[in-house]
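Me: Got a structure here that I'd like to talk through. Can you walk me through how its pieces pack?

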Amino acid sequence: MARSALLNVMVQAALKAGRSLARDFGEVQNLQVSLKGPSDYVSQADHKAEEIILHELSRARPTYGVLAEESGERKGTDGQHRWIVDPLDGTTNFLHGIPMFAVSIGLERQGEVVAGVIYNPAMDELYTAERGNGAFVNDRRMRVAGRRSLSDCVIGTGVPHLGRGHHGRYLVELSHVMGEVSGIRRMGAAALDLAYVAAGRLDGFWEEGLSPWDLAAGVIMIREAGGYVSDRSGGPQMFKHNNIVAGNERIHKELIGVLDRPAPTT
(Lines give C-alpha, C1' and ligand atoms only; values in the text may rest on other atoms or scores of the structure.)
Protein backbone atom coordinates (compact mmCIF):
# COMPACT_ATOMS: atom_id res chain seq x y z
CA MET A 1 0.00 0.00 0.00
CA ALA A 2 1.15 3.54 -0.75
CA ARG A 3 1.29 5.94 2.20
CA SER A 4 1.46 9.72 2.12
CA ALA A 5 4.44 11.48 3.65
CA LEU A 6 2.30 12.53 6.62
CA LEU A 7 1.06 9.02 7.27
CA ASN A 8 4.63 7.73 7.09
CA VAL A 9 5.63 10.26 9.75
CA MET A 10 2.80 9.00 11.98
CA VAL A 11 3.72 5.36 11.40
CA GLN A 12 7.38 5.90 12.23
CA ALA A 13 6.48 7.79 15.41
CA ALA A 14 4.10 5.03 16.51
CA LEU A 15 6.59 2.26 15.77
CA LYS A 16 9.39 4.01 17.64
CA ALA A 17 7.19 4.64 20.69
CA GLY A 18 5.89 1.09 20.44
CA ARG A 19 9.39 -0.36 20.64
CA SER A 20 9.98 1.66 23.81
CA LEU A 21 6.70 0.44 25.31
CA ALA A 22 7.49 -3.17 24.39
CA ARG A 23 10.76 -3.01 26.32
CA ASP A 24 9.04 -1.42 29.30
CA PHE A 25 6.21 -3.95 29.14
CA GLY A 26 8.71 -6.73 29.76
CA GLU A 27 9.93 -4.90 32.86
CA VAL A 28 6.38 -4.33 34.09
CA GLN A 29 5.66 -8.05 33.81
CA ASN A 30 8.70 -8.72 36.02
CA LEU A 31 7.54 -6.12 38.53
CA GLN A 32 4.19 -7.85 39.02
CA VAL A 33 5.69 -9.99 41.77
CA SER A 34 7.10 -7.06 43.72
CA LEU A 35 5.38 -5.50 46.71
CA LYS A 36 5.75 -1.99 45.37
CA GLY A 37 4.13 -2.85 42.06
CA PRO A 38 4.76 -1.37 38.62
CA SER A 39 2.56 1.77 38.77
CA ASP A 40 5.41 4.29 38.86
CA TYR A 41 7.23 2.45 36.11
CA VAL A 42 4.14 2.52 33.89
CA SER A 43 3.79 6.27 34.37
CA GLN A 44 7.39 6.71 33.26
CA ALA A 45 6.82 4.46 30.25
CA ASP A 46 3.73 6.48 29.28
CA HIS A 47 5.54 9.82 29.44
CA LYS A 48 8.59 8.45 27.63
CA ALA A 49 6.44 7.14 24.77
CA GLU A 50 4.70 10.50 24.44
CA GLU A 51 8.03 12.32 24.34
CA ILE A 52 9.20 10.03 21.55
CA ILE A 53 6.01 10.59 19.53
CA LEU A 54 5.99 14.36 19.94
CA HIS A 55 9.66 14.60 19.04
CA GLU A 56 9.13 12.64 15.83
CA LEU A 57 5.98 14.54 14.85
CA SER A 58 7.32 18.00 15.64
CA ARG A 59 10.55 17.30 13.80
CA ALA A 60 8.55 16.57 10.65
CA ARG A 61 5.84 19.22 11.08
CA PRO A 62 6.95 21.80 13.67
CA THR A 63 4.06 24.17 12.97
CA TYR A 64 1.25 21.71 13.77
CA GLY A 65 -0.69 21.91 17.02
CA VAL A 66 -0.86 19.00 19.46
CA LEU A 67 -3.46 17.53 21.79
CA ALA A 68 -1.83 14.80 23.88
CA GLU A 69 -3.10 12.84 26.86
CA GLU A 70 -0.13 13.51 29.12
CA SER A 71 1.06 16.97 28.10
CA GLY A 72 -2.25 18.54 27.09
CA GLU A 73 -2.83 20.97 24.25
CA ARG A 74 -0.30 23.09 22.43
CA LYS A 75 -1.41 25.50 19.74
CA GLY A 76 0.50 25.48 16.48
CA THR A 77 1.31 28.36 14.18
CA ASP A 78 -0.18 26.37 11.29
CA GLY A 79 -3.72 26.82 12.62
CA GLN A 80 -5.15 24.13 10.31
CA HIS A 81 -3.58 20.93 11.60
CA ARG A 82 -3.43 19.20 14.97
CA TRP A 83 -1.93 15.92 16.11
CA ILE A 84 -4.09 13.99 18.62
CA VAL A 85 -1.93 11.58 20.60
CA ASP A 86 -2.47 8.82 23.15
CA PRO A 87 0.96 7.30 23.87
CA LEU A 88 -0.44 4.37 25.86
CA ASP A 89 -4.10 3.45 25.49
CA GLY A 90 -4.92 0.54 27.76
CA THR A 91 -2.75 1.65 30.68
CA THR A 92 -4.48 -0.69 33.14
CA ASN A 93 -3.84 -3.65 30.83
CA PHE A 94 -0.19 -2.60 30.55
CA LEU A 95 0.01 -2.27 34.33
CA HIS A 96 -1.26 -5.82 34.83
CA GLY A 97 0.85 -7.44 32.12
CA ILE A 98 -2.05 -7.90 29.70
CA PRO A 99 -0.85 -7.47 26.09
CA MET A 100 -3.80 -5.37 24.93
CA PHE A 101 -2.53 -1.80 24.70
CA ALA A 102 -1.67 0.59 21.91
CA VAL A 103 -0.13 3.79 20.67
CA SER A 104 -2.75 5.96 18.97
CA ILE A 105 -2.07 8.98 16.73
CA GLY A 106 -4.66 10.97 14.80
CA LEU A 107 -4.23 13.92 12.46
CA GLU A 108 -6.92 16.58 12.41
CA ARG A 109 -7.24 19.05 9.53
CA GLN A 110 -9.62 21.99 9.93
CA GLY A 111 -11.47 20.11 12.65
CA GLU A 112 -11.81 16.82 10.75
CA VAL A 113 -9.72 13.71 11.41
CA VAL A 114 -8.01 12.79 8.14
CA ALA A 115 -5.48 10.13 9.16
CA GLY A 116 -4.91 7.69 11.99
CA VAL A 117 -2.42 5.12 13.23
CA ILE A 118 -2.95 2.57 16.01
CA TYR A 119 -0.11 0.21 16.94
CA ASN A 120 -0.18 -2.70 19.36
CA PRO A 121 3.51 -3.52 19.96
CA ALA A 122 2.76 -6.66 21.98
CA MET A 123 1.13 -8.26 18.93
CA ASP A 124 3.03 -6.21 16.32
CA GLU A 125 -0.21 -5.12 14.66
CA LEU A 126 -0.16 -1.78 12.87
CA TYR A 127 -3.48 -0.24 11.86
CA THR A 128 -3.47 2.73 9.48
CA ALA A 129 -6.04 4.85 7.69
CA GLU A 130 -6.08 7.98 5.59
CA ARG A 131 -9.10 9.79 4.21
CA GLY A 132 -9.91 8.53 0.74
CA ASN A 133 -7.24 5.82 0.79
CA GLY A 134 -8.81 3.08 2.90
CA ALA A 135 -7.82 1.35 6.13
CA PHE A 136 -5.21 -1.35 6.62
CA VAL A 137 -3.79 -3.70 9.23
CA ASN A 138 -0.17 -4.64 8.50
CA ASP A 139 -0.73 -3.55 4.87
CA ARG A 140 -3.83 -5.76 4.49
CA ARG A 141 -7.04 -3.95 3.56
CA MET A 142 -9.67 -3.79 6.31
CA ARG A 143 -13.46 -3.82 5.97
CA VAL A 144 -16.07 -3.71 8.71
CA ALA A 145 -18.02 -6.90 9.24
CA GLY A 146 -21.09 -7.38 7.07
CA ARG A 147 -23.47 -8.98 9.56
CA ARG A 148 -27.01 -7.67 9.33
CA SER A 149 -28.59 -8.76 12.60
CA LEU A 150 -27.54 -7.96 16.15
CA SER A 151 -28.33 -11.53 17.13
CA ASP A 152 -25.31 -12.65 15.08
CA CYS A 153 -22.97 -9.95 16.38
CA VAL A 154 -20.18 -9.65 18.92
CA ILE A 155 -20.21 -6.11 20.33
CA GLY A 156 -17.40 -4.36 22.18
CA THR A 157 -17.88 -1.96 25.06
CA GLY A 158 -16.08 -0.10 27.81
CA VAL A 159 -17.17 -0.79 31.39
CA PRO A 160 -17.11 2.17 33.81
CA HIS A 161 -14.98 1.45 36.86
CA LEU A 162 -14.21 3.07 40.20
CA GLY A 163 -14.74 6.80 39.98
CA ARG A 164 -15.78 6.71 36.31
CA GLY A 165 -19.16 6.91 34.65
CA HIS A 166 -22.73 6.30 35.70
CA HIS A 167 -22.72 2.67 36.77
CA GLY A 168 -26.49 2.27 37.10
CA ARG A 169 -27.22 3.64 33.63
CA TYR A 170 -24.50 1.49 32.11
CA LEU A 171 -25.92 -1.66 33.67
CA VAL A 172 -29.30 -0.89 32.09
CA GLU A 173 -27.63 -0.41 28.69
CA LEU A 174 -25.62 -3.60 29.10
CA SER A 175 -28.74 -5.55 30.01
CA HIS A 176 -30.51 -4.31 26.89
CA VAL A 177 -27.59 -5.13 24.58
CA MET A 178 -26.94 -8.51 26.23
CA GLY A 179 -30.46 -9.60 25.31
CA GLU A 180 -29.92 -8.86 21.62
CA VAL A 181 -26.42 -10.03 20.68
CA SER A 182 -24.28 -13.14 20.31
CA GLY A 183 -21.54 -11.86 22.62
CA ILE A 184 -20.07 -8.83 24.36
CA ARG A 185 -16.36 -8.11 24.79
CA ARG A 186 -14.45 -5.67 27.01
CA MET A 187 -10.85 -5.29 25.76
CA GLY A 188 -9.72 -2.42 27.98
CA ALA A 189 -8.27 -0.23 25.22
CA ALA A 190 -10.76 1.87 23.24
CA ALA A 191 -8.36 2.54 20.38
CA LEU A 192 -7.94 -1.19 19.81
CA ASP A 193 -11.69 -1.75 20.13
CA LEU A 194 -12.26 0.72 17.31
CA ALA A 195 -9.48 -0.83 15.23
CA TYR A 196 -11.15 -4.21 15.76
CA VAL A 197 -14.44 -2.83 14.44
CA ALA A 198 -12.60 -1.57 11.35
CA ALA A 199 -11.00 -5.00 10.92
CA GLY A 200 -14.35 -6.82 11.26
CA ARG A 201 -13.31 -8.59 14.46
CA LEU A 202 -15.98 -6.76 16.43
CA ASP A 203 -19.31 -6.01 14.77
CA GLY A 204 -19.92 -2.88 16.82
CA PHE A 205 -18.81 -0.88 19.82
CA TRP A 206 -20.13 1.65 22.32
CA GLU A 207 -18.58 3.51 25.21
CA GLU A 208 -18.95 6.74 27.18
CA GLY A 209 -16.40 8.83 29.05
CA LEU A 210 -13.82 8.84 26.26
CA SER A 211 -11.43 11.62 25.27
CA PRO A 212 -10.45 12.79 21.77
CA TRP A 213 -7.13 10.92 21.97
CA ASP A 214 -9.05 7.67 22.59
CA LEU A 215 -11.22 8.24 19.52
CA ALA A 216 -9.40 10.16 16.80
CA ALA A 217 -7.46 7.42 15.02
CA GLY A 218 -10.25 4.86 15.37
CA VAL A 219 -12.89 7.17 13.92
CA ILE A 220 -11.11 7.63 10.59
CA MET A 221 -10.19 3.94 10.56
CA ILE A 222 -13.80 2.75 10.81
CA ARG A 223 -15.01 5.25 8.23
CA GLU A 224 -12.32 4.21 5.77
CA ALA A 225 -13.22 0.57 6.38
CA GLY A 226 -16.82 1.30 5.32
CA GLY A 227 -18.32 1.68 8.78
CA TYR A 228 -20.31 4.30 10.66
CA VAL A 229 -19.41 6.20 13.82
CA SER A 230 -21.42 8.73 15.78
CA ASP A 231 -22.16 9.99 19.24
CA ARG A 232 -24.97 8.36 21.20
CA SER A 233 -27.61 10.56 19.56
CA GLY A 234 -26.44 9.59 16.07
CA GLY A 235 -24.68 12.93 15.53
CA PRO A 236 -21.04 13.77 14.74
CA GLN A 237 -20.06 15.25 18.13
CA MET A 238 -18.06 12.32 19.57
CA PHE A 239 -15.30 14.58 20.86
CA LYS A 240 -17.75 17.01 22.45
CA HIS A 241 -19.97 14.39 24.10
CA ASN A 242 -17.13 11.97 24.91
CA ASN A 243 -18.98 8.91 23.64
CA ILE A 244 -19.19 6.77 20.54
CA VAL A 245 -21.30 4.13 18.80
CA ALA A 246 -19.77 2.25 15.86
CA GLY A 247 -20.54 -0.54 13.42
CA ASN A 248 -21.61 -1.11 9.84
CA GLU A 249 -24.56 1.00 8.69
CA ARG A 250 -27.26 -1.41 9.87
CA ILE A 251 -25.64 -2.52 13.15
CA HIS A 252 -24.74 1.06 14.06
CA LYS A 253 -28.39 2.08 13.70
CA GLU A 254 -29.72 -0.95 15.56
CA LEU A 255 -27.24 -0.52 18.40
CA ILE A 256 -28.26 3.11 18.93
CA GLY A 257 -31.88 1.97 19.06
CA VAL A 258 -31.15 -0.61 21.74
CA LEU A 259 -29.09 1.83 23.80
CA ASP A 260 -31.93 4.37 23.68
CA ARG A 261 -34.45 2.04 25.24
CA PRO A 262 -35.79 3.39 28.55
CA ALA A 263 -34.90 1.71 31.83
CA PRO A 264 -37.53 -0.70 33.19
CA THR A 265 -40.01 0.94 35.54
CA THR A 266 -40.62 -2.17 37.67
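Predicted model: local features only at pLDDT ≥ 70, side-chain atom pairs only at ≥ 80, totals over all residues.

Me: Which way does helix 4 pass helix 8, left-handed or right-handed?
Reply: Helix 4 passes helix 8 in a right-handed crossing. Right-handed means the near helix is turned clockwise from the far one by less than a right angle, left-handed anticlockwise. Helices here are DSSP runs of H or I with at least four residues, strands are E runs of at least two, and both are numbered from the N terminus.

Me: Which residues make that contact?
Reply: Glu173, His176 and Val177 on helix 4, with Leu255, Val258 and Leu259 on helix 8. Contact means heavy atoms within 4.5 Å. By class the contact has four nonpolar, one polar and one charged residues. Nonpolar covers Ala, Val, Leu, Ile, Met, Phe, Trp, Tyr, Cys and Pro, charged is Asp, Glu, Lys and Arg, and the others, Gly among them, are polar.

Me: And what's the angle between helix 4 and helix 8?
Reply: Helix 4 (residues 167–178) and helix 8 (residues 249–259) pack at about 130°, axes 9 Å apart. Axes are lines fitted to C-alpha atoms, for helices over the stretch in contact, and angles run from 0 to 180 degrees between N-to-C directions. Helix 4 and helix 8 are therefore oblique to each other. The cut-offs: under 35 degrees is roughly parallel, over 145 roughly antiparallel, 65 to 115 roughly perpendicular, and the rest oblique.

Me: How do strand 6 and strand 7 pair, parallel or antiparallel?
Reply: Antiparallel, over four bridges, between residues 125–130 and 134–137. Tyrosine 127 has valine 137 in strand 7 as its bridge partner.

Me: What's the order in the five-stranded sheet?
Reply: That open sheet runs 10-9-11-13-12, again with mixed pairing. Its edges are strand 10 (183–185) and strand 12 (228–230), each with a single partner strand. Neighbouring strands are turned by 15° against each other on average, direction ignored. Strand 9 (residues 154–157) and strand 11 (residues 204–208) run parallel, joined by three bridges.

Me: Which strands does helix 4 lie across?
Reply: Strand 9, strand 10 and strand 11, and helix 4 runs at about 170° to strand 11. Helix 6 lies across strand 12 and strand 13 (243–247), at about 145° to strand 12.

Me: How are helix 5 and helix 6 arranged?
Reply: Helix 5 (residues 190–198) packs with helix 6 at an angle of about 0°, with axes 8 Å apart. Helix 5 and helix 6 are therefore roughly parallel.

Me: Switching topic, how many salt bridges?
Reply: The count is 14, taking a side-chain nitrogen of Lys or Arg within 4 Å of a carboxyl oxygen of Asp or Glu. One of them joins arginine 59 and glutamate 56 at 3.0 Å, N to O. Being three residues apart in helix 2 (residues 39–60), arginine 59 and glutamate 56 are separated by about one helical turn.

Methods: Residues numbered from 1 in each chain as written. Heavy atoms only, no water. Pairing = 2+ DSSP bridges.
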